Amino acid sequence: MIIIMKPNASNEAVGKIKNLIESNGLQVHLSEGTEVTIVGVVGDKTKLQGANIELMDGVDKIVAVTESYKLVNKKFHPDDTAITIGNAKIGPGHLTMMAGPCAIENHDMLMETAFAVKKAGAQFLRGGAYKPRTSPYAFQGLEEEGLKFMQEAREATGLNIVCEVTSLKALETAVKYVDMIQIGARNMQNFELLKETGKAGVPVLLKRGLSATIDEWLNSAEYIASEGNTNIVLCERGIRTYETATRNTLDISAVPVIRAKSHLPVIIDPSHATGVRAYIEPISKAAIAVGADGLIVEVHPCPSCALSDGPQSLTFEQFDSLVEELKPYAKLAGRTLDE
């Protein structure tokens with residue numbers, strides 16, 4: 001449940017309620033807005049039966065929260081969250097571009113890509129050092145060596161770096177190098193990995209699972225937030241349906257639904273959603289129109305030579321053109337495409 005305080009509620013009144021909640025073994029999540037303070041109660045609210053909180057000084061009303069996710073719920077935090085990572089912001093007023101290869105193949109290829117996407121206007125370099133592949137014989141990634149290449153690219157370009165982890169071991173290694181951890185679609189419900197990611201404290205890009213509902217997706221975010229890390233960005237990357245014309249089916253309606261349900265930023269991955277580079281530009285424009293906070297796009301110096309996801313990767317020239325095409329759309333949506 002959430003306790004909505006009166007506009008003139010004193011800090012002392014808020015403090016008394018906080019102490020009452022915590023003394024009953026529950027957790028408190030405070031959201032101090034411009035007009036009112038909201039006290040979120042996390043835990044078994046039956047422990048507060050008979051406390052008559054609604055009669056305490058400064059309390060306006062109590063609202064029940066039926067969803068199982070609390071910390072990522074918009075009822076707990078009415079204002080949309082903006083997350084700052086390095087020199088970039090993800091959230092209201094900004095359109096964040098993340099770009100890079102599906103898999104880090106070698107040092108020179110990554111550095112070439114980093115400079116190219118930086119020049120085009122990206123704020124993040126994405127790259128896979130750990131690759132969860134359907135076939136055990138497919139390229140699995142360079143692991144820590146790839147992370148070292150990513151770190152070098154960040155030092156050379158100033159780009160923030162984001163990389164997927166696939167296991168607890170990979171997480172322990174990646175946190176030493178990256179600015180943002182990605183949890184991929186296949187691990188969205190790897191709850192032990194989610195909890196450890198929350199404990200790591202590094203910002204997280206959480207992709208939606210292949211067949212996950214939005215509430216399941218938000219509950220996965222709650223696992224991370226419950227460990228003290230609320231720097232979470234959600235990523236809609238398409239879901240599995242009976243349609244075969246595209247790699248997945250982009251649920252574009254997920255963006256406004258998330259807007260209604262959660263305060264977390266949400267971005268779109270048009271590359272994995274479609275699997276076809278020709279569809280990336282129109283999908284990206286649609287993402288901005290429905291309120292996405294950013295895009296994560298696969299870019300490769302030679303897509304036809306790529307070891308992973310070549311058909312959905314843009315060339316440097318195509319990515320540069322995409323960013324230019326998106327600028328008027330971002331302006332129309334009241335967003336700044338920071339460079």
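## Close-up views of the predicted model

**Figure 1. The largest pocket holds about 380 Å³ of space.** A pocket here is an open set of points on a 1 Å grid over the protein atoms alone, with protein on both sides within 12 Å along at least five of seven lines, and lining residues have an atom within 4 Å of a point. Points are joined across faces, edges and corners, and the volume is the space filled by probe spheres set on them. Residues are numbered from 1 along each chain as its sequence is written, and side-chain values use heavy atoms, with hydrogens and water left out. The lining of the largest pocket consists of 24 residues; Pro132, Arg186, Arg247, His272 and Asp309 lie nearest the centre. Strand E9 (residues 160–165) gives the most to this lining, with 3 residues. Helices (H or I, at least four residues) and strands (E, at least two) are DSSP runs, numbered from the N terminus.

**Figure 2. Glu222 is buried and has no salt bridge.** The residue sits in helix H6 (residues 214–225). Buried means under 20% relative accessible area, exposed over 50%, and partly exposed in between, with a 1.4 Å probe and protein chains only. A salt bridge is a side-chain nitrogen of Lys or Arg within 4 Å of a carboxyl oxygen of Asp or Glu. Lys and Arg count as positive and Asp and Glu as negative, with His and the chain ends not counted. On that basis, the nearest side chain of opposite charge to Glu222 is Lys70, 6.7 Å away. The backbone of Lys70 is another matter: its nitrogen lies 2.9 Å from a polar atom of the Glu222 side chain. The backbone nitrogen of Val72 lies 3.2 Å from a polar atom of that side chain. Leaving aside neighbours within four places in sequence, Glu222 is in contact (heavy atoms within 4.5 Å) with Tyr69, Lys70, Leu71 and Val72.

**Figure 3. The side chain of Glu105 makes a polar contact with the side chain of His300, at 3.0 Å.** A polar contact is a pair of N or O atoms within 3.5 Å; within protein, one must be able to donate a hydrogen and the other to accept it, and residues adjacent in sequence count only if both atoms are side-chain atoms. Glu105 belongs to the loop between strand E7 (96–100) and helix H2 (107–120). Its relative accessible area is 17%, so Glu105 is buried. A polar atom of the Glu105 side chain also lies 2.8 Å from the backbone nitrogen of Leu307. Not counting residues up to four places away in sequence, Glu105 touches Leu142, His300, Ala306, Leu307 and Ser308.

**Figure 4. Asp251 and Arg208 form a salt bridge, the closest N and O atoms being 2.9 Å apart.** The pair links distant parts of the chain, 43 residues apart: Asp251 is in the loop between strand E12 (232–236) and helix H7 (254–261), and Arg208 is in the loop between strand E11 (204–207) and H6. Asp251 counts as buried because its relative accessibility is 16%. Arg208, at 4% relative accessibility, also counts as buried. Arg208, Glu236 and Asp251 are linked in a network of salt bridges. The structure holds 18 salt bridges.

**Figure 5. Lys285 forms a salt bridge with Glu281 in helix H9 (residues 280–289).** The closest N and O atoms are 2.9 Å apart. The two residues are 4 apart in the helix, so about one helical turn separates them. Lys285 is buried, with a relative accessible area of 16%, and Glu281 is partly exposed, with 29%.

**Figure 6. Lys75 pairs with Glu67 in a salt bridge.** The closest N and O atoms of this pair are 3.4 Å apart. Lys75 counts as partly exposed at 32% relative accessibility, whereas Glu67 is buried at 18%.

**Figure 7. Gly40 lies in strand E3 (residues 37–42).** With a relative accessibility of 0%, Gly40 counts as buried. Its C-alpha atom is separated by 9.5 Å from that of Val65, 25 residues apart along the chain. Not counting residues up to four places away in sequence, Gly40 touches Met1, Ile2, Gln27, Val28, His29 and Phe76.

Key: Predicted model: local features only at pLDDT ≥ 70, side-chain atom pairs only at ≥ 80, totals over all residues. 1 Å grid on protein atoms, 1.4 Å probe; cavity = no way out; pocket = protein on both sides within 12 Å on 5 of 7 lines; lining within 4 Å.
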